[in-house]
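This briefing covers selected residues, the nonpolar core, the pocket and the cavities of the structure shown below.

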Amino acid sequence: MQEVLERKSIKNIDFNCDLAQAYGVYKNNVEYELLDYVSSVNVSCGFHAGDPNTIKEALLKAKEKNVVIGAHIGFNDIQGFGYRPVELKEDELEAIVVYQVGALMSFAKAYGVSIEHVRPHGAMYKMAGEDFTFSCAIARAIKKCSQWLVYYAPVGDITAKVADYIQIPVAQELFLEKTYNPDLTIDYSKDDNTNNYDLIKRLQHLIHTSQIKNNLSGMSFADVDTIHFSNKYKNSMELIQQARNTIVPTPVNFNNAKISGWVD
């Protein structure tokens, strides 16, 4: 018997996208197109993508658009764009997280902006969504950089447990185009759905019920704080425009401040 889930509408949600997804002569000329529609961005820190000039340009573009800036961290794998898993000891993982976040923090300080969150990339993201111990190690490293940084991590029980165990603010993230298992881990065996009609319907259902359809045709409760938008599909711009017409995004830290009473 399928579990009956409580209906819970979502009033505030963040839209995020990645920036500085380039390196040297290998440029990404379309990544800034989403900046007018997101409320936060994740700037690559030089390990899976990004070089000093690209990172600087991304920060200044984000500052110009007045969007929240975060560090986009990954494995040290430029050639594989961070999509290949790397086995690291916990202290090694901590070191590469602190290194990347620290680099972006220094850039941000130099150009008069601040870093508010950290989001893993590629293989690191996948492992963070499936391995509690691995995700805790990332969270500990982020907290050592600053206790105020929000950990943008895959939606699901693992991220919720990491928040409680490490005592770090988290933002549970969802992809509209991904297929999810009942436990909200991503089913990576399925191709991404790029039908914008389907994806907007999914967003609308999520907003009104906090539920998404899983790969067993059931519904899974998804306590989502942020939605990730990619620019790699031919209709990516149309999708985010339609999504913003559905709900105007607000940054995660602004939502946290409202809950705490700091802002009205």
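Leaving out residues up to four places away in sequence, N16 touches V38, S40, N42, R119, Y152, E173, T226, I227, H228 and F229, where contact means heavy atoms within 4.5 Å. The model is a predicted one: local features need pLDDT of at least 70, side-chain atom pairs count only at pLDDT 80 or more, and totals for chains, interfaces and linings use all residues. Residues are numbered from 1 along each chain as its sequence is written, and side-chain values use heavy atoms, with hydrogens and water left out.

**N16**
- N16 belongs to strand 1 (residues 14–19); helices (H or I, at least four residues) and strands (E, at least two) are DSSP runs numbered from the N terminus.
- N16 counts as buried because its relative accessibility is 0% (buried means under 20% relative accessible area, exposed over 50%, partly exposed in between, with a 1.4 Å probe and protein chains only).
- The side chains of N16 and E173 are joined by a polar contact of 3.0 Å. A polar contact is a pair of N or O atoms within 3.5 Å; within protein, one must be able to donate a hydrogen and the other to accept it, and residues adjacent in sequence count only if both atoms are side-chain atoms.

**K190**
- K190 is placed in the loop between strand 6 (170–175) and helix 6 (196–209).
- With a relative accessible area of 43%, K190 is partly exposed.
- The K190 side chain makes a polar contact of 3.1 Å with that of D187.
- From C-alpha to C-alpha, K190 and P169 are 30 Å apart in space and 21 residues apart in sequence.

**Nonpolar core**
- The largest nonpolar core has 74 residues, of which V41, V43 and Y151 touch the most other members. Helix 4 (residues 132–145) gives the most to this core, with 7 residues.
- A nonpolar core is a set of buried Ala, Val, Leu, Ile, Met, Phe, Trp, Tyr and Cys residues joined through side-chain atoms within 4.5 Å.
- Apart from its neighbours within four places in sequence, V41 is in contact with C17, L19, L35, A62, V67, V68, I69, G70 and H117.

**Largest pocket**
- The largest pocket holds about 550 Å³ of space. On a 1 Å grid over the protein atoms alone, a cavity is a set of points where a 1.4 Å probe fits but cannot get out, and a pocket is an open set with protein on both sides within 12 Å along at least five of seven lines; lining residues have an atom within 4 Å of a point.
- Its lining comprises 27 residues, with Y83, H121, G122, F175 and K232 nearest the centre of the pocket.
- Helix 3 (residues 122–130) contributes the most to the pocket lining, with 5 residues.

**Cavities**
- The structure has 2 cavities of 30 Å³ or more.
- The largest cavity contains about 70 Å³ of space, and its lining includes Y125, K126, G129 and E130.
- Helix 3 gives the most to the lining of the largest cavity, with 4 residues.
- The second largest cavity has a volume of about 40 Å³. Helix 6 and helix 7 (236–246) are the elements that give two or more residues to its lining.
- Among the residues that line the second largest cavity are E177, N193, Y233 and N235.

Key. Grid points are joined across faces, edges and corners, and a volume is the space filled by probe spheres set on the points.
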